[in-house]
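Okay, thanks for coming, everyone.

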Amino acid sequence: MVRIGSYQATPESAFAARKAQVNRILSKADKENIDFLCLPEGFLTGYYADEELARKNCLETDGVIFREWLAEISHYQATVIIGFNEREGNHIYDSAAVIEKGSLLGVQRKHYLYHNYFTPGSSFSIFRSKDMPFGVTICLDANYFEPARLLAMQGAAVLFSPMCNRVPLNHPYAKRPNYYSHFVARSFENRCWLVTADWIYPNDGSAVCPGHSVIYDPDGQEIARSPEGIEDLLIVDIPQDRLFQEKGRRVHGSPVLFQEIAKAMVSQIC
């Protein structure tokens, strides 16, 4: 059995307070015996419409501040997927760090970008922790089939999706829908569990994020849903025999079709 957690909340405004907030939820995750914990997009650094603020608050994974933070959380047991603004050279990425006991297993960078100051990622890679293969599709990356399909073709059993759905009041996601058609598709067509973790952003008269944190099973069924506008920790126990690395016809179709899909997707990336 694998225990998965998804945390929905409003990040604190200052970095020190956000680190303390992460420590609190990691402590709670350990008490709940959670194996994997997904936190929202941009949760560690904040998520900014303004490039100057993004650059001011971004982190380098080989920098002192980030490495010191990894050491601070090294005693927690849960493997963490957390969003942050990442800097490498002069480039800023909308990224998610995958961390196991203070060790950075890797970073997934977002491809379908909302703010134009970000540089898009260049690949989708499988991570493995506690003998489970998984991938990360950050927010808008989960709306389209290619990212999830590339990860499913590599054997991902779970797709974690950190999100920040702060939208105008006239946006369809200003209110929660009964179901999320793209999540149904991503989970079903790829035979993956899909775990999303979203912000809460109170209505300020122009924008809002009610929180769209959900967990879907490989049959496209919604298994858990956070309450609207409330901090929450979703927890789902997944039997080992429901973690599908072998995708069968869902992903491969016929052998010829699989080869054609693989070639087409590789050519698009290159």
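Before I start on the sheet, one definition: two strands count as paired if DSSP finds at least two bridges between them. And please keep in mind that this is a predicted model.

So, with that in hand, look at strand β4, residues 91-100, and its partner β5: they pair in the antiparallel sense, over six bridges. If you want a spot to look for on the screen, V98 stands opposite G106 in β5.

Now let's zoom out. Which strands make up the open sheet, and in what order? There are six, and they run β5-β4-β3-β2-β1-β14, with mixed pairing. At the edges you've got β5, residues 103-109, and β14, residues 232-238, each of which pairs on one side only. On average, neighbouring strands here are turned by 30° against each other, if you ignore direction.

Something also packs on this sheet, and that's helix α1, residues 15-31. It touches β1, β2, β3 and β14, and its direction makes about 145° with that of β2.

Next up is helix α3, which covers residues 64-72. Its buried residues are F66, W69 and L70. Why do those end up on the same side of α3? Because they cover an arc of only 105° around the axis. Turn to the other side of α3 and you find V64 and A71, which are exposed. As for what covers the buried ones, that includes α1, β3, β4 and β5.

Okay, on to another part of the chain. Strands β6 and β7 form a hairpin with two residues between them, and K130 in the turn has a positive phi of about 50°. The two strands run antiparallel and are joined by three bridges.

Is S129 buried or exposed? It counts as buried, because its relative accessibility is 2% and the cut-off for buried is under 20%. Setting aside residues up to four places away in sequence, S129 touches F36, T79, E100, L105 and F134.

What about β7 itself, residues 132-136? Five of its five residues are buried. In a regular strand, side chains alternate between the two faces of the sheet. Here, M132, F134 and V136 point one way, while P133 and G135 point the other way.

From β7 we can follow the chain onwards: it crosses through α4 to β8, and this β-α-β crossover is right-handed. Strands β7 and β8 pair in the parallel sense over three bridges, with β8 spanning residues 158-162. In β8, L159 is the bridge partner of G135.

After α4 comes G155, with a positive phi near 100°.

Last stop: L194, in strand β10, residues 193-197. L194 is buried, with a relative accessible area of 1%. L194 and A142 are 52 residues apart in sequence, yet 9.3 Å apart in space, C-alpha to C-alpha.

That's my tour. Happy to go back to any part of it.

Technical notes. Residues are numbered from 1 along each chain as its sequence is written. This is a predicted model: local features need pLDDT of at least 70, side-chain atom pairs count only at pLDDT 80 or more; totals for chains, interfaces and linings use all residues. Side-chain values use heavy atoms; hydrogens and water are left out. Buried means under 20% relative accessible area, exposed over 50%, partly exposed in between (1.4 Å probe, protein chains only). Contact means heavy atoms within 4.5 Å. Helices (H or I, at least four residues) and strands (E, at least two) are DSSP runs, numbered from the N terminus. Axes are lines fitted to C-alpha atoms, for helices over the stretch in contact, and angles run from 0 to 180 degrees between N-to-C directions. A crossover is right-handed if, with the strands pointing away from the viewer, the path from the first strand over the helix to the second runs clockwise. The arc is that of the directions from the helix axis to the C-beta atoms.
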